[in-house]
Amino acid sequence: MDDQLETAYEAKFSVLDMDMAKKAQGASKAAGPINEAEQKRQAELMKQASIAVQSALGEQASAAGRRVFFARHGERMDRVFPAWTRLSYTESGNYKPYDMNMPISMVPRLNGVNDFYDDPPITELGYFVSQLIGRGAKLNCINFDTVYCSPALRCAQSAHGMLKAFTKTKPKICIEPGLFEYMGWYKEENLNFLSTLEMAVQGYEVDPDYFPVISCEDLKTKYKNETIEEYYKRTGDVIGSILSRHTKSPCNILFVVHAPTLDAGSRFLTKKTANVPDVNDLKQVGVHYPFGSVVALEENKSDNTWKLMHCALPSISFLDCTNRIDFKFFNRP
């Protein structure tokens with residue numbers, strides 16, 4: 001990234017920081033509360049920074065190909081409230097949240113609360129972070145052409161939140177069971193995902209005509225005893241099949257998936273097939289790819305390689321938490 005583009009990014013995302021604003025246009029000597037004139041000046045800085053960013057990106061667009069965004073779902077209910085299925089349901093089966101971070105209402109399931117054991121929803125904060133991801137994409141002028149999503153409820157809810165920012169150009173969500181996480185964790189479980197029709201009834205923008213690479217039935221039968229290596233291969237095969245349907249560029253494709261799928265998908269595209277995590281390391285992948293984390297990769301059309309886009313989306317940080325990925329783990333050979 002050249003100096004002009006870097007300065008523009010700094011001004012665009014830190015325009016209220018006087019040190020950053022200096023780099024874009026002069027220095028402000030204003031102290032204390034920002035007056036109306038300073039607000040106007042900063043607004044103009046924001047406008048100029050956006051123009052500079054788009055100009056620089058436009059110059060680089062000819063060499064750029066397709067772009068893929070792997071986003072992890074939002075915070076899971078069962079991670080924050082391990083006993084929520086027992087404590088938030090009355091004897092008559094009615095859902096009653098006991099914490100403000102719990103959804104006000106719950107999606108009805110075929111087998112009631114039992115279906116949530118292996119397919120939990122996201123928390124209110126998880127949904128909010130998902131919306132921030134979409135807002136960040138919109139601020140960076142990134143419009144998603146297509147969205148592919150794991151059949152897990154937490155992924156569908158997160159995808160729904162991410163698309164909230166796109167009111168005019170909102171794509172449909174393609175539910176792809178082949179993007180579900182490692183099936184070795186569910187050998188003894190009875191996964192029962194919501195159907196596409198059930199999701200549509202609940203208001204999720206799913207594509208009813210999408211034909212998946214791997215069906216839910218095949219996922220639960222043919223891949224139930226897969227190894228970790230086979231899971232990484234399955235993920236790569238599915239992503240490769242999906243990308244073969246999108247050969248034209250520029251094209252922005254969003255995958256809303258799980259932490260291990262972020263790792264498997266990005267390593268498939270960057271052709272890093274070694275160092276597949278073992279059973280213990282795979283359980284810790286969520287530490288390296290936190291809830292709401294995003295990995296963005298861009299294709300170079302000249303040599304058909306994929307590289308990480310470091311400044312694709314602004315990060316989301318609050319006290320002791322961030323959605324930034326662990327780059328040391330990501331960049332392992």
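1. Secondary structure. The predicted model holds 14 helices and eight strands in its chain; these are DSSP runs numbered from the N terminus, helices being H or I of at least four residues and strands E of at least two.

2. Basis. This is a predicted model, in which local features need pLDDT of at least 70 and side-chain atom pairs count only at pLDDT 80 or more, while totals for chains, interfaces and linings use all residues. Residues are numbered from 1 along each chain as its sequence is written, and side-chain values use heavy atoms, with hydrogens and water left out.

3. Burial. Of the 333 residues in the chain, 47% count as buried (under 20% relative accessible area, 1.4 Å probe, protein chains only). The chain exposes about 17100 Å², by the Shrake-Rupley method with a 1.4 Å probe, and carbon and sulfur atoms supply 53% of that area.

4. Tyr 289. Beyond its neighbours within four places in sequence, Tyr 289 is in contact (heavy atoms within 4.5 Å) with residues including Arg 72, Asp 263, Ile 325 and Phe 330.

5. Helix 6. Residues 124–139 form helix 6. Its buried residues, among them Val 129, Leu 132 and Ile 133, pack against helix 7 (153–162) and strand 5 (294–300). Cys 141 follows helix 6 and has a positive phi, near 60°.

Methods
Buried means under 20% relative accessible area, exposed over 50%, partly exposed in between (1.4 Å probe, protein chains only). The expected span of a helix is 1.5 Å times one less than its number of residues.
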